[in-house]
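Student: I am new to this structure. Please take one part and look at it closely, then show me what lies around it.

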Amino acid sequence: MSVDNNQRLPSRVTNNQAASGQVVPHPSTIYPEELLEPSNGLNLKDFIVIITRRKWLVTTIALLTLLAVILITLMIKPVYRATSTIQIERNAKQIVSGNTFDAIESRSDKDFHETQRQLIQSKALAGRVINQLGLDTKDTSSGLVSSIKKALGMSSADQSNAERTEALFLDNLTVQPVSNSQLVSINYDSTDPKLAADISNAISRTFVRMNLEKRFDTASYSKDFLSENIQRVRQTLEKSEQALNDYAKQYGIVQDIDGESTDTHSLKKLSEELVKVERERIEAEALYNQAKNADTDNPTIIAVLSKDPTLQEKGNELALMIADRNARIQRSSSGTSRTIRNLTAKIERLRAEINAQSSTVLSSLKSEADTAKNRQELIREQLAELKNNAIATQGDSIKYNTLKREVESNQALYTDLLQQLKTVNVASTVGTNNISIIDKAGVPYEKHKPKLRNNVAFGLLLGLMLGMGAAFLREFMDDTLKGSDELERTTGLPVLGLLPNIKNQPDEHTALLAHMEPRSPLAEAIRSLRTSLKFSTQYGAPRTTFITSSNPAEGKSSIALNLATAYAQVGSRVLLIDADLRNPSIHHLLKLDNLEGLTNYLAGAGEASAISRPCLIKQLRVITSGPIPPDPVELLSGNRMTELLDLAKNEFDYIIIDGPPVIGLADALVLSNLSDATILTVQAGITRKASLMAALKRLERSSGNIIGTLLSRVDRASNPEYNEDSYYTYTSPNRNV
């Protein structure tokens with residue numbers, strides 16, 4: 001027998017096949033390449049198949065999880081939540097402006113409100129509330145979070161009682177800002193509803209009080225700070241004043257109330273007096289020169305310049321009389337009337353009187369001019385002397401002025417600090433709080449948690465997730481083949497048929513099901529397999545078909561018997577050979593004795609035509625295995641096995657060989673090489689991928705002609721494409737159509 005080892009499974013052609021002209025094509029000529037390619041991932045269909053296949057596991061885990069959640073929910077003590085609401089404004093309204101201890105603005109409103117939220121949840125506030133309500137003597141670990149921590153043993157035994165109480169207090173406290181507002185909700189959870197309300201209200205009150213105290217503390221700090229600075233500045237001011245006074249005494253520097261020295265003051269006054277005297281001198285000299293240069297015929301000028309009222313009155317009278325006379329002369333035609341003559345005489349007498357006193361007037365005006373000039377010279381001399389004295393003391397005044405400016409600066413600083421201290425004293429008593437309580441917490445009557453409805457939904461969801469996780473984990477760990485698609489992807493071979501799983505039936509009944517119940521789903525599946533074999537090659541169904549499996553007990557004997565029955569039912573002459581010489585089963589299934597059979601013939605006893613026998617199925621003859629030999633491989637490899645098959649082909653239409661499994665035995669390799677076609681049966685959910693691939697490799701190395709696989713004991717849940725309800729349902733003969 002020649003074997004071409006260069007060809008891969010299953011396109012190899014044996015000598016027997018070449019002689020018969022029957023060629024078994026490669027599966028790629030029957031199935032498209034994309035069907036034979038492995039899948040790149042898990043699609044929705046695979047997901048549904050896995051969940052459906054593991055539905056009882058998913059359901060069990062989901063129900064157990066749901067039951068556990070319900071029990072835990074019912075066992076947990078109900079927790080009540082009390083809520084109070086406060087308003088936190090960014091800045092408090094100030095009645096007094098210029099408050100020196102206003103808080104520094106935060107960078108943003110978000111930072112400000114987050115700071116306030118953290119202050120409410122601070123340990124300082126928690127400690128004050130615990131002390132106010134005496135919670136250190138009560139069980140404050142009654143919240144749900146605390147209960148869970150206690151159940152898990154997460155409470156720290158190293159903490160002191162006060163620290164543990166404070167930590168449990170903060171665990172049950174939640175602060176939630178109300179969106180788009182300045183409101184903040186303060187929630188406290190406890191199994192005692194009244195205690196929850198009391199604590200929530202106490203937190204609100206304490207937080208408001210702490211905010212006021214912080215403002216008062218800020219004012220008090222400002223007062224202390226300003227008082228210390230005022231005391232220090234006062235001492236500095238006193239020292240600077242004492243230094244200024246000592247320096248003035250040492251150098252004889254005297255200043256008036258405005259801060260000027262005596263020399264400077266005298267120099268200023270004397271300069272003003274000199275200006276005044278110069279003006280008086282100029283006026284006196286002007287009067288004297290005007291009087292001295294006056295016309296003697298017009299004594300009225302001297303009378304006017306005179307400071308004597310009588311003389312000035314006479315001068316005025318003279319001027320009036322002259323004016324009256326001139327007016328009369330103009331009105332008179334002759335100008336020599338008696339009245340005019342009398343006025344002229346009076347004018348002359350009055351002029352003589354004024355001229356008689358003019359010398360006295362000139363002497364007086366000259367004396368006044370000389371006096372003003374002498375006084376001017378005297379004041380100039382005094383002014384020069386004062387200037388010399390001021391220049392002499394100017395160097396001493398520089399340091400004096402420096403000390404004086406230091407005193408003035410200290411005085412200004414001292415005055416400013418006193419003013420700030422007054423402002424702080426007033427503002428600390430009239431400032432308003434930027435935090436106010438809006439709603440007080442009432443005693444809650446509805447429990448906050450646990451909520452049975454929510455927990456049931458959560459438990460159901462968690463159970464489904466855990467169930468699906470367990471299903472996928474088990475699917476991942478499960479190396480068995482379960483579906484036709486998976487079988488095709490794994491082997492790259494076509495699946496010739498799917499045989500349904502017949503439950504609660506013995507093997508003897510299943511093996512004869514195609515004969516005893518031809519309308520059963522298994523019988524339909526066998527007939528479908530028979531049809532698939534008819535189209536498996538271009539010459540029809542293979543004459544010699546070897547049925548094997550990768551491992552024992554995968555139903556190959558039952559399949560071989562049912563397939564032989566299906567061929568016989570259509571009138572074909574069929575020979576069934578039990579070639580499993582190590583663990584034969586055909587004679588048990590057909591209730592035949594096994595005293596003589598294949599081993600006898602292969603050992604050289606008898607003729608080929610004498611070892612076949614009829615059975616309860618028409619058109620079907622059977623060759624049982626016979627006694628179990630010590631070396632089955634040696635018998636099957638002999639020429640008599642080949643001769644037997646050649647003789648059987650002349651007498652029978654189809655030959656079905658039930659052989660041993662492939663793994664661990666060489667018998668199947670020999671029989672596969674002698675047969676026209678080999679069908680590898682796979683039991684769904686039992687056959688492992690590793691075993692199947694090992695069997696395929698062994699058959700490939702021995703040039704076995706594998707035309708496809710057969711998936712047996714298939715559940716509808718594992719293969720949605722296989723649905724036994726979709727089979728044609730036969731109508732009862734008694735039923736009216």
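Student: Is Thr-565 buried or exposed, and why?

Tutor: A word on the source first: this is a predicted model. Now to the residue. Thr-565 has a relative accessibility of 0%. The cut-off for buried is under 20%, so Thr-565 counts as buried.

Next, its place in the chain. Thr-565 sits in helix α20, which covers residues 556-569. Set aside the neighbours within four places in sequence, and Thr-565 is in contact with Ala-514, His-515, Ile-617 and Leu-620.

Helix α20 packs with helix α19, residues 521-534. In general, two packed helices are described by the angle between their axes and the distance between the axes. For α19 and α20, the axes come within 9 Å and cross at roughly 75 degrees. Angles from 65 to 115 degrees count as roughly perpendicular, so α19 and α20 are roughly perpendicular to each other. On the α19 side, the contact is made by Leu-522, Ile-526, Arg-527, Leu-529, Arg-530 and Leu-533. On the α20 side, it is made by Asn-562, Leu-563, Ala-566, Tyr-567 and Gln-569.

Two other helix pairs can be read in the same way. Start with helix α3, residues 44-53, and helix α15, residues 452-477. They pack at an angle of about 100 degrees, and their axes are 10 Å apart. That angle makes α3 roughly perpendicular to α15. From α3, the contact uses Phe-47, Ile-50, Ile-51 and Arg-53. From α15, it uses Met-468, Ala-471, Phe-472 and Glu-475.

The other pair is helix α16, residues 484-491, with helix α27, residues 689-701. Their axes come within 11 Å and cross at roughly 45 degrees. The two helices are therefore oblique to each other. Their crossing is right-handed. Glu-486, Leu-487, Thr-490 and Thr-491 in α16 meet Lys-689, Leu-692, Met-693 and Leu-696 in α27.

Now turn to the strands. Strand β6, residues 544-549, pairs with β10 in the parallel sense over 4 bridges. In that pairing, Asp-658 in β10 is the bridge partner of Ile-547. Strand β7, residues 574-578, runs parallel to β10 and is joined to β10 by 5 bridges. There, Leu-575 stands opposite Ile-655.

Another sheet has antiparallel pairing. It is an open sheet of 4 strands, in the order β2-β3-β1-β4. Its edge strands are β2 (173-177) and β4 (435-439), and each pairs on one side only. The twist averages 30 degrees from one strand to the next. Within this sheet, strand β1, residues 80-88, and strand β3, residues 183-190, pair over 8 bridges. Tyr-80 stands opposite Ser-190 in β3.

With a relative accessible area of 1%, Ile-199 is buried. Beyond its neighbours within four places in sequence, Ile-199 is in contact with Val-129, Leu-133, Leu-135, Phe-169 and Tyr-188. Take Tyr-188 from that list. It is 11 residues from Ile-199 along the chain, and their C-alpha atoms are separated by 7.0 Å.

One stretch carries a label from a record. An unreviewed UniProt entry places the feature "transmembrane region" at residues 56-76. In the model, those residues are 95% helix and 0% strand. The end C-alpha atoms of the stretch are 30 Å apart.

Last, step back to the whole chain. It has 27 helices and 12 strands. Of its 737 residues, 41% are buried, and Thr-565 counts as buried too. Consider contacts between residues at least 6 apart in sequence: 81% of them join residues at least 24 apart.

Methods
Residues are numbered from 1 along each chain as its sequence is written. This is a predicted model: local features need pLDDT of at least 70, side-chain atom pairs count only at pLDDT 80 or more; totals for chains, interfaces and linings use all residues. Side-chain values use heavy atoms; hydrogens and water are left out. Two strands pair if DSSP finds at least two bridges between them. UniProt positions are given in the numbering used here, feature names are shortened, and annotations may be inferred rather than shown by experiment. Axes are lines fitted to C-alpha atoms, for helices over the stretch in contact, and angles run from 0 to 180 degrees between N-to-C directions. Angles under 35 degrees count as roughly parallel, over 145 as roughly antiparallel, 65 to 115 as roughly perpendicular and the rest as oblique. A crossing is left-handed if the near helix is turned anticlockwise from the far one by less than a right angle, and right-handed if clockwise. Contact means heavy atoms within 4.5 Å. Buried means under 20% relative accessible area, exposed over 50%, partly exposed in between (1.4 Å probe, protein chains only).
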